[in-house]
Amino acid sequence: MGTNVEVLPSQTALLERSLLLVADKINTATALRGQCTIALSGGSTPKSLYEAIAKQSLPWEKVHVFWGDERYVPPEHPDSNQGMARRAWLDKVDIPAANIHPMPTDAADPAADAQKYELEVREFFGSAPGEFPVFDIVLLGMGDDGHTASLFPHTDVLQARDRAIGVGNKDGQPRLTFTAPLINQARCVIFIVAGANKQSALAQVFAPQGDDMAYPSRLIEPVGELWWLLDESAGGNLGLA
Ligand code: 6PG
């Protein structure tokens with residue numbers, strides 16, 4: 001349904017634009033389908049967005065929150081994406097506990113937790129075998145190596161074709177992650193990327209030809225809308241917007 005690229009003049013402008021877009025997509029989904037399914041990204045960029053969303057008046061009882069990836073740590077660990085989103089946002093709004101669907105990170109084997117989450121997600125969406133769930137919104141960041149979610153360069157999970165949830169690997173550390181096929185089924189994928197250190201990877205991701213295995217964000221080509229919201233320092237010199 002087309003790619004939208006916006007380069008915002010500052011991180012503040014990027015935050016404001018991101019908030020407007022995400023709130024609009026949440027309201028649209030709940031108005032059209034009675035609920036909104038959103039998968040959250042982790043890392044540092046989205047924290048201020050989550051803090052801002054928490055101040056919005058949105059139909060929280062109709063919003064179901066999932067995670068697009070998770071570090072393999074308990075939720076109370078400072079690196080936990082679940083913990084960050086709860087502290088910044090979910091603990092501050094009246095969203096039913098049953099609407100929050102964190103990735104499990106307590107099995108001895110990450111692959112077992114990936115399979116457990118896949119079953120949970122498929123059951124929630126009522127997906128038939130071989131069918132991928134369709135999320136309303138998938139929020140993504142991008143690392144300075146072009147990774148997104150926990151789809152890191154040259155890792156096995158990039159080859160996943162029939163799984164929705166896989167085990168990513170960052171420097172030998174396991175992570176749970178949405179696979180590219182799952183992300184690509186979404187109605188709306190929104191990348192939010194800030195910082196000059198992302199510039200060179202963005203140039204590779206946006207190049208007409210390139211190595212998808214080296215820059216996994218290239219794999220993200222959703223059937224729905226694709227949005228890239230960049231700040232000037234990340235996207236200003238790329239001639240994108
Ligand atoms: C994670 C993320 C990851 C993140 C990028 C960018 O768990 O870390 O989901 O994909 O979005 O690494 O992170 P920053 O926003 O901190 O630059």
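Start at G42: one of its backbone N or O atoms lies 3.1 Å from an oxygen atom of the ligand. That is a polar contact, a pair of N or O atoms within 3.5 Å. The model is predicted, so local features need pLDDT of at least 70, side-chain atom pairs need pLDDT 80 or more, and totals for chains, interfaces and linings use all residues. Residues are numbered from 1 along each chain as its sequence is written, and side-chain values use heavy atoms, without hydrogens or water.

Now look at R71. A polar atom of the R71 side chain lies 2.7 Å from a ligand oxygen atom. A149 uses its backbone instead: an N or O atom there lies 2.7 Å from an oxygen atom of the ligand. Taken alone, the ligand exposes 420 Å², and the protein buries 88% of that (areas by the Shrake-Rupley method with a 1.4 Å probe).

Step back to the whole shell. Around the ligand are 15 residues, and S44, T45, D69, A149 and K198 come nearest (a residue is near if one of its heavy atoms lies within 4 Å). The shell divides into 2 nonpolar, 9 polar and 4 charged residues. Gly counts as polar here, while Asp, Glu, Lys and Arg count as charged.

Next, leave the ligand. The structure holds 7 salt bridges, each a side-chain nitrogen of Lys or Arg within 4 Å of a carboxyl oxygen of Asp or Glu. In one of them, the side chains of R17 and E6 meet at 2.6 Å, N to O. R17 lies in helix 1 (residues 11–33) and E6 in strand 1 (residues 3–8), so the pair ties together parts 11 residues apart in sequence. Helices (H or I, at least four residues) and strands (E, at least two) are DSSP runs, numbered from the N terminus.

How values were computed:
Polar contact = N/O pair within 3.5 Å; in protein donor to acceptor, adjacent residues only side chain to side chain.
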